[in-house]
Amino acid sequence: MVKSYVNRKEYKFLENRKTFFIIALCVIALGIIFNIFRGVKLDIKFTGGAMLKYSYALDDTVSASDVSASDYMKLDKTKVAALVKTVTEKDSTITIAQSASAESGVKNTVTVAMGDKNTISEDTGEVLAQKLTEEYPKVNFSLIESNSVDATTGSEFFGKCLVAVALAAVFMIIYVALRFKKIGGMSAGVTAIIAIIHDCLIVYFTFVIFGFSIDDNFIAVLLTIIGYSINSTIIIYDRIRENRTIMGSKATYAQLANRSLNETLGRTINTNLTLLAAVLTIVIVAYIYDIRSIITFAVPMMAGVIAGAFSSMFISNALWVTWREYRDEKLALKKAQSFVSGKKSKK
Amino acid sequence: MKRVGKPWFFVVAALIFALAYTSFFGVYEQNGDLQTTIIRGAKDIRWGTDIQGGVNVIFGPEENIDATDTQIDSAKAILEIRLVSSGVTDYELYADKDNDRLLVSFPWKNNDSQNVAGTIKSLSQSAELLFIGGQPSSIQITYNEDGTKTVTDANGEPLDVVIEGKDVKRASSSTSGEKNEIVVNLQLTDSPAEGEELSGSEKFAAATEKYLNQQISIWMDNQLLSAPRVNSVIADGNAQISGSFTVAEAKTLADNINGGALPFKLVTIDYSSVDPTLGTDALTAMLIAGIIAFSLICVFMIAYYRLPGFVACICLLGQVAGTIAAVSGYFAVFNSFTLTLPGIAGIILSVGMGVDANIITAERIREELRKGKTLDGAIKAGSANSFSAIFDSNITNIIVSVILMGVFGPPDTVWSTLLTPFLWMFGTSTTGAIYSFGYTLLVGVILNFIMGVAASRIMISSISGLKFMRTRTLYGDYSEKKKQELSAAKAVKEASEN
């Protein structure tokens with residue numbers, strides 16, 4: 001036996017593995033409850049539909065001292081929806097938002113969303129802008145974003161995204177299973193993927209909880225987190241593979257995994273802290289600049305990094321230990337049984 | 001592994017700094033007012049429409065029309081001509097022949113507020129193909145109220161339009177004659193088009209008689225395509241245009257002529273447009289966040305890992321620079337790549353993996369030192385033992401990136417061919433945004449092996465040969481220092497007791 005060279009305390013990660021499983025399941029259950037009550041928003045990129053976004057500001061001719069200036073800027077949702085109906089003959093959801101950002105000042109936006117597979121022609125944006133200006137003559141509207149997606153291309157894109165994620169997972173299981181044959185390839189591969197599914201769920205729930213719509217950013221975050229998480233899990237498995245040789249076959253799975261977790265603890269903490277610091281910086285800067293497209297991918301990414309650190313430390317290898325122990329018990333049982341039955345047959 | 005020679009640290013570091021400088025700032029040659037790019041810098045990066053603002057459109061034929069592959073090629077050729085003639089050069093254009101789709105994306109120019117509808121309409125409007133007697137320097141088409149059109153030259157003089165798009169049956173390129181000369185074959189209609197009295201063949205026969213030994217110029221939307229000389233009267237409706245064409249030139253001309261004879265209209269299926277101001281903000285924010293995050297990582301790495309941390313910072317700089325070079329194309333002759341928001345996520349992931357590779361190696365060296373190994377022994381063992389972990393985790397990311405490039409990349413690339421068995425149920429429609437993620441991740445992982453593994457090892461091994469760099473605390477082993485401190489404290493204690 002190799003003597004522990006570090007005179008440090010060895011944390012007993014695996015003794016409490018049931019607690020960690022329960023924590024993970026509770027978080028997932030909480031996410032599911034949120035999902036049921038809040039629902040999930042699929043972006044029109046996937047469902048098909050149309051979206052128009054205008055920024056608006058007071059016309060230059062209105063002086064700042066005009067007492068009714070703020071009244072001019074008050075838009076009425078139902079009025080806007082009625083205008084949309086006259087232009088497109090379709091129902092729409094109107095969102096009016098005022099957001100302040102340090103860099104670009106106050107931004108007023110009005111968003112027109114048409115779900116239910118409604119598409120609009122390319123000139124709708126400009127026609128509607130005209131109508132809006134007629135209705136609110138003291139306000140200038142400018143079209144900053146417009147989108148119209150056909151339902152079939154949308155669902156096809158969604159399908160492709162799912163296939164991409166599934167393919168990535170399958171190829172990873174195969175690779176991990178081949179590379180970690182020594183510590184039971186299939187068990188290593190499958191438990192690594194279970195950890196990944198956990199992380200993907202957390203990312204998904206972050207989208208649900210914050211009300212971000214599921215779009216191609218979601219797929220990008222998902223794949224990034226899959227990359228990080230499999231990386232962390234593999235680094236611990238790599239240690240287990242190495243320690244298997246050093247510690248010999250007498251060491252139990254729990255001892256093996258625990259030693260490996262402790263030895264890689266420095267790396268786990270430092271890598272994840274740097275990552276978290278980097279992503280947090282992005283979140284803060286994006287928040288200051290009020291860039292929604294970046295916030296919607298940096299916040300879930302942060303949740304995913306935390307989930308990935310948690311799952312690679314407490315889930316994948318703990319599951320692996322449970323799996324191996326269960327398998328050994330079963331094997332021993334079988335052996336005993338065949339021994340017994342062998343005896344019987346001899347009689 | 002023998003210790004790498006001392007100068008190598010400086011050689012590798014200098015190479016990385018040179019790469020960083022050139023890929024961030026570029027190298028340009030100033031020739032009077034003309035600036036030629038030798039090496040592209042970060043400012044030459046082509047940003048995706050989600051960052052810079054711009055338009056994405058998917059065109060297709062009108063409903064219920066099943067276009068042939070040749071027709072889609074022709075439609076693509078028309079879009080290409082129109083994009084170039086309206087001054088858009090950094091467009092992306094893909095044809096999806098399985099689904100009869102044309103995917104176009106291009107950024108807005110000069111941050112102007114643009115007319116989305118106008119731009120999209122002018123791209124997809126029916127092409128105006130005209131064969132004109134003689135070769136004017138330019139033409140102007142005026143549409144009259146009764147639906148007819150008048151074609152004039154620059155001075156307003158009316159021109160003789162001999163045939164139009166609807167008179168052409170089809171064009172194709174082939175080789176002909178003993179010399180295997182590349183030619184464009186023109187086939188004209190046998191029966192008159194709607195509302196016309198003469199067929200294409202008849203009109204062309206009359207025209208070739210009239211303009212025998214003169215030129216007939218072929219125009220598409222005010223653009224001159226070709227101006228062949230009429231060598232003989234063509235009465236059977238089958239003409240050949242010869243000239244010193246290359247195969248590609250002949251195909252383009254044939255595609256263009258076919259485009260003018262397309263039997264259907266292109267309609268907009270999907271479109272999206274992002275205002276440029278929205279994008280510039282995103283870009284500044286990402287740049288600031290990137291610089292802060294990179295500095296934070298460097299401060300942490302140096303504070304915690306000391307010398308290996310310092311080496312790691314140089315390597316990370318190399319990795320970021322390498323990624324930028326791979327995106328911008330670096331040398332002006334190479335193709336550049338469109339960088340989107342998901343593409344930046346790919347860079348974050350790969351830089352994160354790079355930080356991780358350096359942390360794993362530094363931790364391992366420290367661990368080996370604590371086991372009591374010599375400095376050289378610890379560096380050697382630390383590098384060797386950490387390799388398998390770095391290798392395996394990076395390979396899994398190569399798997400992810402190749403799948404992404406295959407699923408979301410343009411058709412006809414190696415990646416997408418590899419994945420055809422899995423994607424048979426989908427068309428080859430592309431999404432540049434996620435493709436960009438796959439590309440930056442793949443580049444990042446490769447750079448991880450070059451910078452995070454090879455360069456970092458050479459530098460650590462080399463710098464550890466310098467005398468003043470051989471203190472064990474520089475590598476994070478404080479056990480000896482502690483021992484010394486302890487014995488010193490003991491000595492002080494004993495001294496005071498005595």
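Biologist: Which residue in β10(B) is the bridge partner of Ile132(B)?

Modeller: Keep in mind that this is a predicted model. Strand β7 (residues 129–133) of chain B pairs with β10(B) in the antiparallel sense, over 3 bridges. In β10(B), the partner that bridges to Ile132(B) is Val161(B).

Biologist: Which strands are the edge strands of the open sheet in chain B?

Modeller: The sheet is open and has 4 strands, in the order β10-β7-β13-β14 of chain B, with antiparallel pairing. An edge strand here pairs on one side only, and that holds for β10 (161–164) and β14 (223–226) of chain B.

Biologist: At about what angle does helix α5 of chain B run to β10(B)?

Modeller: Helix α5 (residues 200–210) of chain B lies across β7, β10 and β13 (216–220) of chain B. Its angle to β10(B) is about 150 degrees.

Biologist: Now to the contact between the chains: how many residues on the side of chain B that touches chain A are nonpolar?

Modeller: Chain B gives 63 residues to the contact and chain A gives 62. On the side of chain B, 12 residues are polar and 10 are charged, while the nonpolar ones number 41.

Terms used: Residues are numbered from 1 along each chain as its sequence is written. Chains are lettered from A and ligands numbered from 1 in the order in which they are written. This is a predicted model: local features need pLDDT of at least 70, side-chain atom pairs count only at pLDDT 80 or more; totals for chains, interfaces and linings use all residues. Two residues are in contact if their C-beta atoms, placed from the backbone, lie within 7 Å. Ala, Val, Leu, Ile, Met, Phe, Trp, Tyr, Cys and Pro count as nonpolar, Asp, Glu, Lys and Arg as charged, and the others, Gly among them, as polar. Two strands pair if DSSP finds at least two bridges between them. Helices (H or I, at least four residues) and strands (E, at least two) are DSSP runs, numbered from the N terminus. Axes are lines fitted to C-alpha atoms, for helices over the stretch in contact, and angles run from 0 to 180 degrees between N-to-C directions.
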